[in-house]
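Please keep the structure in view while reading.

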Amino acid sequence: MLFFKILAALPFWMLYRISDFAYFLLFRVIKYRKKVVLENLRNSFPEKSEKEINEIAKGFYHHLADVFIEFFKGLSISAEEVTQRVQVNNIEVVKKYLDNNIPIIFVGGHQGNWEWAIHSVSLNGVDLDVVYQKLSSPFFDNLTYQIRNRFGAFLIERKDTIKVTIERKDKVRAICLAADQIPSHLKSAYWTNFLNQDSAFFTGPERIARKFDYPVIFMEFVRKKRGYYDMNLSEIASPPYENLSSNEILERFVQTLDASIKQNPSSYLWSHRRWKHKRSISEEV
């Protein structure tokens, strides 16, 4: 832990020199999941040339190295630094519900620096429940927990989402879901077209929104330049949901995220094995 505290205490200019070296190792030497990254990009952007695919991949590895460094900076980054580096746009779409004692759901993908998104929302006066997947390493799980709740976020293990949401249903807050992760149970997943591929999504955001009548807000996190981001908030759906078709909320999220990634392709998490599973015949409609 001492090593990471020392790392986090370094100034940004020095951290980004470390990031440059990390990029060189990841992209040029180790070639970290390069086959996965290129395959994901080719399948997502069939209209792009190989040169364009490689340029996006190169930008992605630069971004991945930066996010890795910025994550550890979360141990020491001040509230003032977060506010300076993350511009939150359209916070009114959130406050109009919370100020009227109506909880909301944030949905987003692994864009930009999703860790700083947690900090930024908390520092904008929003009580935040963050659903997360517990890591297999107790050390890194504890480290991640410390970083994510530095500014007051309340963390919920993914397996306990419904149970804890029921327990906290009377608390006015936002529930934050990284909704582009691979569902653990594919038979209950929602399948749709995402980035030109048949893709599975876990149905948690839709089920929670309908069960508790919570509005759903899309959180887009866009990199402006190194170390600086825009968070753009937009409403996807709000109750009553009786007239919405099945999985309509999820479909709106998927299409909104799809359009955002196509506008900012290098800042999405392409090293994730997002499409390692295929829909079985029994799951096809």
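At what angle do the axes of helix H2 and H4 cross, and within what distance do they come? The model is a predicted one, in which local features need pLDDT of at least 70, side-chain atom pairs count only at pLDDT 80 or more, and totals for chains, interfaces and linings use all residues. Residues are numbered from 1 along each chain as its sequence is written, and side-chain values use heavy atoms, with hydrogens and water left out.

The axes of H2 (residues 12-29) and H4 cross at roughly 135° and come within 8 Å. H2 is therefore oblique to H4. Helices (H or I, at least four residues) and strands (E, at least two) are DSSP runs, numbered from the N terminus. Axes are lines fitted to C-alpha atoms, for helices over the stretch in contact, and angles run from 0 to 180 degrees between N-to-C directions. Angles under 35 degrees count as roughly parallel, over 145 as roughly antiparallel, 65 to 115 as roughly perpendicular and the rest as oblique. H2 passes H4 in a right-handed crossing; a crossing is right-handed if the near helix is turned clockwise from the far one by less than a right angle, and left-handed if anticlockwise. Among the residues that make this contact are Phe12, Leu15 and Leu26 of H2 and Tyr61, Leu64 and Ile69 of H4, where contact means heavy atoms within 4.5 Å. By class, the contact of H2 with H4 has 13 nonpolar, 2 polar and 5 charged residues. Ala, Val, Leu, Ile, Met, Phe, Trp, Tyr, Cys and Pro count as nonpolar, Asp, Glu, Lys and Arg as charged, and the others, Gly among them, as polar.

Leu64, in helix H4, is buried, with a relative accessible area of 15%. Buried means under 20% relative accessible area, exposed over 50%, and partly exposed in between (1.4 Å probe, protein chains only). Apart from neighbours within four places in sequence, Leu64 is in contact with Leu26, Tyr32, Leu269 and Ser271.

Helix H8 (residues 138-148) has Asp141, Leu143, Thr144, Ile147 and Arg148 buried. These residues lie on the same side of H8 because they cover an arc of only 165° around the axis, the arc being that of the directions from the helix axis to the C-beta atoms. What covers them includes helix H1 (2-9), helix H4 (50-73) and strand E3 (128-132). Thr144 counts as buried at 10% relative accessibility; leaving aside neighbours within four places in sequence, Thr144 is in contact with Phe71 and Leu135.

Most residues other than glycine have a negative phi, and most peptide bonds are trans. Leu195, in the loop between strand E6 (190-194) and strand E7 (197-201), has a positive phi near 55° and counts as buried at 0% relative accessibility. Asp213, in the loop between H10 and strand E8 (216-225), has a positive phi near 60° and counts as partly exposed at 41% relative accessibility. The peptide bond from Pro239 to Pro240 is cis, with omega near 10°.
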